[in-house]
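Trainee: Could you go through this structure with me? I would like to learn how to read it step by step.

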Amino acid sequence: MKVFVLFCLWAVIVEAEYVKYKDPKQPMGARIRDLMKRMTLEEKIGQMTQIERKVASADVVKQYFIGSVLSGGGSVPAPKASAVDWINMVNEIQRGALSTRLGIPMIYGIDAVHGHNNVYNATIFPHNIGLGVTRQVNINSKNCASAFCSDYLKVLIWDPDLVKRIGAATALEVRATGIPYAFAPCIAVCRDPRWGRCYESYSEDHKIVRTMTEIIPGLQGDLPPNSRKGVPFVDGKSKVAACAKHFVGDGGTVRGIDENNTVINSNGLFGIHMPAYYDSIIKGVSTVMVSYSSWNGERMHANRYLVTGFLKDKLNFRGFVISDWQAIDRITSPPHANYTYSVQAGVSAGIDMIMVPENYTEFIDALTLLVKDNIIPMRRIDDAVKRILRVKFIMGLFENPLADLSLVNQLGSQEHRELAREAVRKSLVLLTNGKSNSQPLLPLPKKAPKILVAGTHADNLGYQCGGWTIEWQGVAGNDLTVGTTILSAIKKTVDPSTQVVYQQNPDANFVKSNEFDYAIVVVGEVPYAEMFGDSTNLTITEPGPSTINNICGAVKCVVVIVSGRPVVLEPYVDKIDALVAAWLPGTEGQGVADALFGDYGFTGKLARTWFKSVDQLPMNVGDRHYDPLFPFGFGLTTQPVKMN
């Protein structure tokens with residue numbers, strides 16, 4: 001009898017210790033329901049709160065049941081922090097979450113928009129504007145040197161496989177630092193290059209943007225067969241949760257002003273700006289970030305019709321919707337004028353996780369009061385928390401909440417740098433090549449007595465990478481991270497007997513008196529991000545224009561433009577022998593030299609219209625008055641040479 005009683009007591013204890021939501025063998029729905037019924041309002045609102053690492057700690061996460069932490073642009077554990085430094089920081093915060101009553105893991109997010117761009121020694125890939133011009137195959141057709149050839153465009157095949165491989169490499173590097181969530185990709189359709197975020201957009205054409213959503217299975221993994229539409233998917237510890245952004249219409253604002261108003265009818269919004277979201281959801285994207293911008297005067301962060309009615313209900317999106325940085329504050333003008341109303345409007349619209357990111361107690365207090373006063377119903381809170389938990393369960397965070405060191409060698413690996421180099425050379429667009437078709441300048445001979453390299457961007461890794469690199473606005477110079485400048489790549493590529501002379505801005509007399517065989521001039525824009533990049537003139541940064549004028553004409557020159565968008569070129573085109581759009585190529589400048597010297601051919605085709613004058617803007621392919629300097633789809637091709 002005593003044995004039987006002891007056995008019964010033991011069975012009761014074992015049963016009491018068994019918690020369904022912690023059992024990976026249970027169906028996900030059952031785990032979510034079990035956990036939800038155990039949660040208090042305080043714990044649920046904590047899950048909806050995302051805070052910046054600068055205000056996060058294990059104690060804060062534990063005390064407020066914080067569901068997510070992020071690094072904003074430039075927010076790092078220490079200057080030039082290693083992968084191990086990042087892992088230690090993330091795990092320290094995670095232990096705070098695991099020590100709470102229910103042990104719900106937090107999810108750490110970061111902007112990894114062209115590689116793991118916040119992190120020292122990471123591989124920095126070309127920005128999306130460059131990836132949008134890449135082609136899958138080098139189709140052998142006649143060049144369209146002087147006019148827009150519609151027949152030629154019919155055979156263009158863009159390169160989704162390349163961006164998928166970049167997504168997979170980025171996921172490995174993000175996971176190498178212990179982070180499981182990337183705020184990428186940006187699937188904006190930039191319709192006006194005056195917008196400071198245009199380089200984050202693959203193209204002005206939604207068809208190309210849709211094609212490039214293939215980066216999502218690169219980041220997250222390929223969906224299993226027979227997956228339910230709209231249900232997010234992350235394939236294990238080598239993949240990350242992705243984030244399609246910014247929902248919706250961010251690339252269509254009036255005059256390209258960041259965070260401004262997109263004035264367009266429903267046909268335009270759903271025909272141009274929405275389609276890439278269809279593809280993202282079909283491919284299992286885990287999260288969607290809402291845009292700062294408005295649609296016909298209504299802030300997207302308060303637009304219940306689009307966030308809940310369309311994204312969640314119509315498209316059947318089952319991941320979670322996240323706000324942008326401090327974005328609910330900006331529902332009012334001026335921002336934060338009525339914070340309680342902003343919280344009500346944002347959460348009621350259907351936003352599940354709020355990127356607060358610093359004044360978290362104010363947000364928690366406001367949302368708690370709104371629920372207790374029955375202004376926001378409990379079913380809205382439960383919907384948000386259910387979605388957040390669904391993503392965390394799918395990611396395997398409950399089983400593997402702490403990062404280990406198994407992937408640290410993936411950060412900046414040689415394999416990833418070679419992939420970035422491939423992306424650079426495929427993202428180059430050759431706009432002109434020689435004063436006549438019969439006398440092309442490119443590819444350049446590697447063996448020449450003396451060549452000149454000039455321009456502000458020839459030996460500046462920070463300029464090469466652009467914004468969203470190490471710092472939010474980017475960094476000038478060569479000590480920001482590890483990489484290869486275009487000048488270094490040229491020196492490495494030419495014959496050992498060739499003398500390479502570098503002067504950033506030589507005068508005309510210097511050029512004429514030195515008997516150079518040819519010159520390579522690398523100029524463009526300085527780094528910027530978001531509203532700081534909004535521009536009404538779109539000019540090359542000085543002294544770029546004077547460098548072109550001093551060199552081109554005095555010696556045969558190829559000008560390489562490093563920019564986040566088309567810029568004003570018409571005044572200089574006639575002086576230039578060959579012109580290359582290199583966009584923002586990232587850390588692997590060797591890819592530029594690969595094409596200049598003929599180790600690989602030029603294959604890129606414009607995914608953006610190159611205007612003659614800013615007075616023409618906005619101007620996109622298909623417009624009635626379409627009169628570009630270089631049309632959408634244009635790009636000269638060259639063949640690789642074995643010896644030169």
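Trainee: Which residues have zero contacts beyond four places in sequence?

Mentor: That is the case for residues 5-15, where the pLDDT also stays under 50. Over residues 138-155 the pLDDT is below 50 as well, but in the model this stretch has 31 contacts beyond near neighbours in sequence. Where pLDDT is low, the predicted coordinates should not be read in detail.

Trainee: OK, new topic. How many salt bridges does a search of the whole structure find?

Mentor: The search finds 33 salt bridges. One of them is formed by the side chains of D111 and K245, with 3.2 Å from N to O. This pair links distant parts of the chain, since D111 sits in the loop between β3 (107-110) and α6 (128-131) while K245 belongs to strand β5 (residues 243-247), and the two are 134 residues apart.

Trainee: Is D111 buried or exposed?

Mentor: D111 has a relative accessible area of 10% and is buried, because the cut-off for buried is under 20%. K245 also counts as buried, at 1% relative accessibility.

Trainee: Which residue meets E530 in a salt bridge?

Mentor: The side chain of E530 meets that of R197, at 3.4 Å from N to O.

Trainee: What about R330, which residue does its side chain meet?

Mentor: R330 forms a salt bridge with E259, and the N to O distance is 2.8 Å. The loop between β10 (320-322) and α14 (339-349) holds R330, and the loop between β5 and β6 (261-262) holds E259, so this pair ties together parts that are 71 residues apart in sequence. Here R330 is partly exposed, with a relative accessible area of 21%, whereas E259 is buried, at 17%.

Trainee: Let me switch to the sheets. In what order do the five strands of the open sheet come?

Mentor: The order is β4-β3-β2-β1-β11, and the pairing is parallel. The strands at the edges are β4 and β11 (354-355), and each of them pairs on one side only. Two bridges join β3 to β4, and G109 has Y181 in β4 as its bridge partner.

Trainee: How is the pairing in the sheet with three strands?

Mentor: That open sheet has the order β6-β8-β9, and its pairing is mixed. Its edge strands are β6 and β9 (298-299), each pairing on one side only. Strand β8, residues 294-295, pairs with β9 in the antiparallel sense over two bridges, and W295 stands opposite E298 in β9.

Trainee: How far is I520 from E298 in space?

Mentor: They are 48 Å apart, C-alpha to C-alpha, and 222 residues apart in sequence. I520 is found in strand β15 and is buried, with a relative accessible area of 0%. Not counting residues up to four places away in sequence, I520 touches several residues, including L444, L452, V453, I490, V558 and F597.

Trainee: Last one: what does UniProt place at residues 429-637?

Mentor: An unreviewed UniProt entry places the feature "domain: Glycoside hydrolase family 3 C-terminal" there. In the model, the end C-alpha atoms of residues 429-637 lie 8 Å apart, and the span is 16% helix and 15% strand.

Note on methods:
Residues are numbered from 1 along each chain as its sequence is written. This is a predicted model: local features need pLDDT of at least 70, side-chain atom pairs count only at pLDDT 80 or more; totals for chains, interfaces and linings use all residues. Side-chain values use heavy atoms; hydrogens and water are left out. A salt bridge is a side-chain nitrogen of Lys or Arg within 4 Å of a carboxyl oxygen of Asp or Glu. Helices (H or I, at least four residues) and strands (E, at least two) are DSSP runs, numbered from the N terminus. Buried means under 20% relative accessible area, exposed over 50%, partly exposed in between (1.4 Å probe, protein chains only). UniProt positions are given in the numbering used here, feature names are shortened, and annotations may be inferred rather than shown by experiment. Two strands pair if DSSP finds at least two bridges between them. pLDDT is the predictor's confidence in each residue, from 0 to 100. Contact means heavy atoms within 4.5 Å.
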